[in-house]
Amino acid sequence: MKLIDLYLDDIRHRLPPRNREDILNEIRSALMDMIEDRNPDPEQAPEDALIESVLMEFGPPRKVARQYGTQSYLIGPRIYPSYLMVLKIVLIIVAALNVLGLIVSVAGKTGFDAGAFDAILQIIGGLFSSLFSAFGIVTLVFAGIERTASEQWTVELDQEWHPDDLRQAEDKEHVNLAGLAIEITLSLIFIALINFFLNRIGIYYFDDTGWISEPILNDNFRPYIPWITAYVTFDIALNLYLIRKGFWDKLATILKVMINAFKIAVTIAIISGPSIITVTESAWQRLNFDLSITAEQLSRGLNTGLNVLLGLAIFGMVVESIQYLYKGFIKGRHASIEIKS
Amino acid sequence: MNDDTLSEQTRSLVQELRRGVITLAVLSQLHEEQYGYSLMKRLEHRGMQVDQGTLYPLLRRLEEQKLLESDWRVEASRPRRYYMLSQFGKKVLQEMRTEWTRIKTTVDDLLTNEKEKENEIN
């Protein structure tokens, strides 16, 4: 009978936790029925050969367990194509940024000495670790989507359908799953970057002691980090809501406009506050670009450039908000907020 | 009918056909309570072979769908789980029976027409 225990143990760890013991009890009972029925001498304990043949008939533990479980996926077939697409895009972007770093670091050097070779090896090592990190983040985001995505992303075979649905679908502002997934992934990377790796955003150069990075964002930037983290988190939450919903509704429109207003307020604060970029003299000299400007002039120029970009971003956000309000409320393309009664 | 005499292709089609009617066959035998093995023997005796790996999970699913009720009982020092149709299961079985009769008549009719046509051509 030990063989039966081993068989049930093998099935046990393949079963979903729900009803596990109950299922095993039933299988044991079924096996005992089969053995009892086939044992030529019920007074005697069944022979091993009989038990083996009964187990063979009942089937391999893997197959038996599969019959009881519903299949669950880390990333299921409904979102797998989007996952692959986003993964490719993100990996290409990460690889491109790394290669760009390689080119910049080599460009400043006159000869191709052992130091430069070391630098290249370090960058290649860095490339693999950042590719793996990007792969991990994308996979985590999609595993999250797999568990939250709306039924709309599944194959809706059993739903009632009318050709009118086609007309209504045309009127609805559908969301693009792949686009949202890219946004969420990049947002998470961005939050991690400004919260944990702020010092890594900077100028990189290689000297005798190895890679040196001089941060380019100064302490004036720090007070904004919680606010920026907050609105990026709101953005992620809105994107998750959209993924769940499948299309824009009025609630999403209102949230989008509110988040944009919040972003605009933070951006205005950054523009009107003290400058946040500082290029140190030592880093600028190390970069060795042979330009006749000082580090201070460069810093001022970068700050002005940043302010112009932020100004454009504000303009963009205002236009975007108006577009969403127009689409949602005037053209009525965003469905009404559903209020459950 | 013995599966061994069928071609590979036919065998898989017949399996599919059988899978479709197993639920009806199982429900039909549960007006009185049965445990898994006794139900399997009963179906086998009537010419309906059901794989154990299919039968036990099916009974569980039907119970989850409230078509069956079950309870554990100890008999001859061994526990067995007995299944029986619930009130809802009886109603569903009745509806399925009507539907089955309709399908059977239609398909029989289609197959008879087909046979007649074949004979005409020959």
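Which residue takes a positive phi in the hairpin of S2(B) and S3(B)? The residue is B:Ala76, with phi near 50°, in a hairpin that has 2 residues between the strands. The structure is a predicted model, and the sections below should be read accordingly.

## Confidence of the prediction

The mean pLDDT of chain A is 80, and 81% of the residues of chain A reach 70 or more. Within this chain, confidence is highest in helix H10 (residues 250-272), at a mean of 92, and lowest in helix H7 (residues 164-171), at 64.

Over residues 337-341 of chain A, pLDDT stays under 50. For this segment the model has 3 contacts beyond four places in sequence.

## Organisation of chain A

Chain A has 341 residues, of which 17% count as buried. Its secondary structure comprises 12 helices and 2 strands. From the N terminus the order is α-α-α-α-α-α-α-α-β-β-α-α-α-α. Of the contacts in chain A with a separation of 6 or more, 74% are between residues 24 or more positions apart.

## Organisation of chain B and its sheet

Chain B contains 4 helices and 3 strands, which follow the pattern α-β-α-α-β-β-α along the sequence. Of its 122 residues, 18% count as buried. Among contacts in chain B between residues at least 6 apart in sequence, 41% join residues at least 24 apart.

The 3 strands of chain B form an open sheet in the order S1-S3-S2, with antiparallel pairing. Strand S1 (34-35) and S2 of chain B stand at the edges; each has a single partner strand, so one side of each is left without a neighbour in the sheet. Strand S2 (residues 68-75) and S3 of chain B pair over 8 bridges, whereas 2 bridges join S1(B) to S3(B). B:Tyr83 in S3(B) takes part on both sides: B:Tyr83 is the bridge partner of B:Ser70, and B:Gln34 stands opposite B:Tyr83.

## Local features of chain B

Where is B:Lys66 found? B:Lys66 is in the loop between H3 and S2 of chain B, and has a positive phi, near 70°, although the residue is not glycine. Most residues other than glycine have a negative phi. Is B:Lys66 buried or exposed? B:Lys66 is exposed, because 12 other C-beta atoms lie within 10 Å and a residue with 12 or fewer is classed in this way.

B:Ser38 is found in helix H2 of chain B. B:Ser38 counts as partly exposed, because it has 16 C-beta neighbours inside 10 Å, a count between the limit of 12 or fewer for exposed residues and that of 20 or more for buried ones. B:Ser38 and B:Tyr82 are 44 residues apart in sequence, while their C-alpha atoms are 9.6 Å apart in space.

## Nonpolar cores

The largest nonpolar core has 29 residues, and A:Leu31 and B:Leu68 have the most contacts inside it. The elements giving two or more residues to this core are helices H1 (2-12), H2 (20-38), H3 (48-58) and H4 (61-68) of chain A, together with H1 (8-28), H2, H3 and S3 of chain B. H2(A) provides the largest share, 6 residues.

Apart from this core lies another, of 17 residues, among them A:Val86, A:Val141, A:Ile145 and A:Leu242. As for A:Leu31, leaving aside neighbours within four places in sequence, its contacts are A:Ile4, A:Val54 and A:Phe58.

## Contact between the chains

How many residues of chain B are in contact with chain A? There are 10, and they are in contact with 14 residues of chain A. Helix H2 (36-45), helix H3 (52-64) and strand S3 (78-85) of chain B each supply at least two residues of the side that touches chain A. By class, this side of chain B has 4 nonpolar, 3 polar and 3 charged residues.

Key. Residues numbered from 1 in each chain as written. Chains lettered and ligands numbered in written order. Predicted model: local features only at pLDDT ≥ 70, side-chain atom pairs only at ≥ 80, totals over all residues. Contact = placed C-beta atoms within 7 Å. Nonpolar A, V, L, I, M, F, W, Y, C, P; charged D, E, K, R; others polar. Core = buried A, V, L, I, M, F, W, Y, C linked by C-beta atoms within 7 Å. pLDDT = per-residue confidence, 0-100. Pairing = 2+ DSSP bridges.
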